[in-house]
Amino acid sequence: MTTSFRLSRATRSLRCWSSFISTTHTYFHYATPANPNVSTHISRNLFEFSKSFNTRNGFYNYKNSVRLIDAYHQLVNYTCYSTVASDQKGEKPKNSSGNEGDRSWIDVYLAEKARPYARLARLDKPIGTWLLAWPCMWSITMATTSGSLPDIKMMMLFGTGALILRGAGCTINDLLDRDIDTKVDRTRLRPIASGLLSPIQGICFLGFQLLLGLGILLQLNNFSIVLGASSLLLVFTYPLMKRLTFWPQAYLGLTFNWGALLGWAAIRGSLDPAVVIPLYASGVFWTLVYDTIYAHQDKEDDLRVGVKSTALRFGDSTKEWIAGFGMT
């Protein structure tokens, strides 16, 4: 009799736990603010079961049950784990990057006033720095004397320069394209386009970036200083190319792969056309491949605002074009 009673009690307890977990799972995976009636219904069911469960087991009273449900309701609605978008809650985080991406280390570690500048330099998106740095590293490695390792100090210097100059290029781009950026969903929340920074603040920040870049450039030999400074013509005019030609990606290739020339010059003090020209040209074709693919996400916006790209130029033949560039 005692054994049967204990088994029956254990069975009821397991059923209680199973129902409680099932109801809780439904509640916390439901987009509650999107349907208040469903939210109220689920909350009531959860409370009723919690009341029954607590009464049978004597763990909590009704007041604690209500507090428990309310606490979890607040947790679901107001923490970062909520499935509800912030605009549905009527909240808009300050200095939010919107469709620029999720929260990054910039939001966590930088002071609030520094965040727009960090976003302007794209410090939270390092892929551009890598794409600028790789041609430099290839060139430095190829210029190294046979049997020796590449100059680590020089590679670190070029890596730092790539970070700074890529940020300066982004600042120039945002200053010149601020009228276009406001019309494109992907770019309308950039610091200058959104009004977080004024054009004057952007120009001052650009001056600071170029000053840092000059400090890096002055560490090189005289030939490299002249060669590096000449790349600024490409950097400042690239944002205008999308207004003039369907080939701005090719112009970006000329700009982003300048390090293929500069890296060799920094080690050898001169250029060897037989080596650096093929390296430079291959880098340009490489840029045409990845940036044409990237440009396809903006095709509709580009048509609407009247700017040009290889994605629009190639159209349905894009695969054939980039396959050709990749084999070149």
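Guide: Let's begin with a term we will need: a residue counts as buried when its relative accessible area is under 20%, as exposed when that area is over 50%, and as partly exposed in between. Please keep in mind that we are looking at a predicted model.

Visitor: Thanks! Which residues of α13 are buried?

Guide: They are G259, A260, L261, L262, G263, W264, A265 and A266.

Visitor: And why is helix α13 called largely enclosed by the rest of the structure?

Guide: Helix α13 spans residues 259-268, and eight of its ten residues are buried, so the description follows from that count. Among the elements covering those buried residues are α6 (127-143), α7 (152-176), α11 (222-244) and α14. Just past the end of α13, you will find G269 with a positive phi of about 85°.

Visitor: Let's move to α14. Why is V275 called partly exposed?

Guide: Happy to go through it. V275 has a relative accessible area of 21%. Buried would require a value under 20%, and exposed a value over 50%. The 21% of V275 falls in between, so V275 is partly exposed.

Visitor: Where does V275 sit, and what does V275 contact beyond its neighbours within four places in sequence?

Guide: V275 belongs to helix α14, residues 273-295. With those sequence neighbours set aside, V275 contacts M142 and W264. W264 is one of the buried residues of α13 that we listed.

Visitor: How do you know that V275 and W264 are in contact?

Guide: The pair is recorded as a contact, and that term asks for heavy atoms within 4.5 Å.

Visitor: What makes the nonpolar surface patch?

Guide: W105, V108, Y109, L123 and L163 make it, and the patch comes to about 520 Å². Helix α4, residues 105-109, gives the most, with three residues.

Visitor: How about the protein as a whole?

Guide: The secondary structure amounts to 17 helices and zero strands. Of the 328 residues, 39% count as buried. The protein exposes about 19200 Å², with carbon and sulfur atoms supplying 62% of that area.

Conventions:
Residues numbered from 1 in each chain as written. Predicted model: local features only at pLDDT ≥ 70, side-chain atom pairs only at ≥ 80, totals over all residues. Heavy atoms only, no water. Helix = DSSP H or I, 4+ residues; strand = E, 2+ residues; numbered from the N terminus. Buried < 20%, exposed > 50% of the residue type's maximum accessible area, 1.4 Å probe, protein only. Areas by Shrake-Rupley, 256 points an atom, 1.4 Å probe, with all protein chains shown as cover. Patch = residues over 30% accessible without salt bridge, like charges linked within 9 Å, V, L, I, M, F, W, Y side chains within 5 Å. Salt bridge = Lys/Arg side-chain N within 4 Å of Asp/Glu carboxyl O.
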